[in-house]
Amino acid sequence: MNYFIIHYVSGEAFFSGIFLLIVAVALSFSNIKFIRLYLAGLICAIGAVNIVVSATPLPLWIYIVLGILIIAQLICGDREKMKKKYKLSIGILLILASLLAAAVELPFWISPSPMKLKSKNIFVLGDSLSAGVGFKGEKTWAEIIAKNKGCNVINKSVGGGTASSAIGSLKRINNINKNDLIIIEIGGNDLLNGSSAKAFRQNLEKLLIDVTAKTENVIMLELPLPPLGNNFGRTQRELSSKFKVILIPKKYFSWVLTGSDSTVDGLHFSNSGHEKMAKIINMHIVDK
């Protein structure tokens, strides 16, 4: 994938949008009329679009507050005769709301502490990004992890896998020990194939109930999100917290997809992509 797309699905566009909102407020007090009346409004609108398109799974109330203040900023910025104190108040409130939104989102960009391996068994529940697509010489990231860590990696990923199908895959595994590690890379097909956010939440919750009943050592990869995919990301964050599952921030998954050599078709991993994904997983698990 090219960097422009990655900028949005990774959520980076959210922070560039926040930056543009703050710049827009500053420009709205410029002494140059064109900048004050037109450029500031344009930059504010672009910032708002970046935030919306980034699909950052913030609480709804933050979006409502930001939306109201952005509209107020656009209206005030277009009115030359409005008293400066009112424009200043709205501008300050928008800056504060923007910084608050950034502060709420930032912790989800910080890499969690690595999980200590308590067993030599690692189970993978995923879709075709983990199962591989079967091109000649393909070496999946699960195979690379097995070699690098000297572990027994049991890859139960399937092409077209969803949160619902992962429940079935898990049921067919009878030898999971409480010290074993389970890695979940699932949700992309739910998201892209039109599954509702409600159905995804129900299936992912059922999957995590079943998984955490078998072992407390669980890692899940956060999904890069297309526009309007907020609820899928919110579901992953809320359920990972509820079930005490380590959630690897989506910036890492997005990084794996970056570059033309990372995929064979724009989505499925090439060997280079598998190597990058293995590197990400290795960052988040350590030998005891």
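**Notebook: side-chain pairs, buried charge and cores**

I counted salt bridges first, taking a side-chain nitrogen of Lys or Arg within 4 Å of a carboxyl oxygen of Asp or Glu, and the count came to 6. I note that this is a predicted model, in which local features need pLDDT of at least 70 and side-chain atom pairs count only at pLDDT 80 or more, whereas totals for chains, interfaces and linings use all residues. Residues are numbered from 1 along each chain as its sequence is written, and side-chain values use heavy atoms, with hydrogens and water left out.

**Entry 1: salt bridges**

I looked up Glu216 and found a salt bridge with Lys118, the closest N and O atoms lying 3.3 Å apart. This pair links distant parts of the chain, 98 residues apart: Glu216 is in the loop between helix H10 (197-214) and strand S5 (218-221), and Lys118 is in the loop between strand S1 (115-117) and strand S2 (121-126). For these elements I used DSSP runs numbered from the N terminus, with helices (H or I) of at least four residues and strands (E) of at least two. For accessibility I used a 1.4 Å probe and protein chains only: buried is under 20% relative accessible area, exposed is over 50%, and partly exposed is in between. Glu216 is exposed at 57%, while Lys118 is partly exposed at 36%.

I then turned to Lys206 and Asp210, whose side chains meet in a salt bridge at 2.7 Å, N to O. Both residues are in helix H10, 4 residues apart, and are therefore separated by about one helical turn. An α-helix has 3.6 residues a turn, so residues three or four places apart point the same way. Lys206 is partly exposed at 35% relative accessibility, whereas Asp210 is buried at 16%.

**Entry 2: Arg237**

Which residue forms a salt bridge with Arg237? I found Glu222, with the closest N and O atoms 2.8 Å apart. Arg237 lies in helix H11 (residues 230-242) and Glu222 in the loop between S5 and H11, so the pair ties together parts that are 15 residues apart in sequence. Both Arg237 and Glu222 are buried. I also recorded a network of salt bridges that links Glu105, Glu222 and Arg237.

The charged end of Arg237 sits over the ring of Phe108, 4.0 Å from the ring centre. My criterion was NZ of Lys or CZ of Arg within 6 Å of the ring centre and within 35 degrees of the ring normal. By this criterion Lys276 lies over the face of Trp255, at 4.8 Å from the ring centre.

**Entry 3: aromatic pairs**

Rings of Phe, Tyr and Trp (its six-membered ring) pair if their centres lie within 6.5 Å; planes under 30 degrees apart are stacked, over 60 edge-to-face, and the rest tilted. The rings of Phe14 and Phe15 have centres 5.2 Å apart and planes at 80°, so this pair is edge-to-face. Phe14 is buried at 0% relative accessibility, and Phe15 is partly exposed at 24%. Phe200 and Phe232 form a tilted pair, 5.1 Å centre to centre with 35° between the planes. Phe200 lies in helix H10 and Phe232 in helix H11, so the pair ties together parts 32 residues apart in sequence. Phe200 is buried at 0%, as is Phe232 at 7%. I noted one aromatic cluster formed by Phe14, Phe15 and Trp109.

**Entry 4: Asp127**

I located Asp127 in the loop between S2 and helix H6 (128-131). Asp127 is buried yet has no salt bridge; Arg172, the nearest side chain of opposite charge, is 14 Å away. Here Lys and Arg count as positive and Asp and Glu as negative, with His and the chain ends not counted. Leaving aside neighbours within four places in sequence, I listed the contacts of Asp127 (heavy atoms within 4.5 Å), among them Ser157, Glu185 and Asn189.

**Entry 5: cores and helix H12**

I defined a nonpolar core as a set of buried Ala, Val, Leu, Ile, Met, Phe, Trp, Tyr and Cys residues joined through side-chain atoms within 4.5 Å. The largest has 29 residues, and those with the most contacts inside it are Ile122, Trp141, Leu181, Phe269, Met277 and Ile281. A second, separate core of 28 residues includes Ile167, Ile176, Leu204 and Met220.

Last, I checked helix H12 (residues 250-257), which is mostly covered, with 6 of its 8 residues buried. The buried residues are Lys250, Tyr252, Phe253, Ser254, Val256 and Leu257. Gly259 follows H12 and has a positive phi, near 100°.
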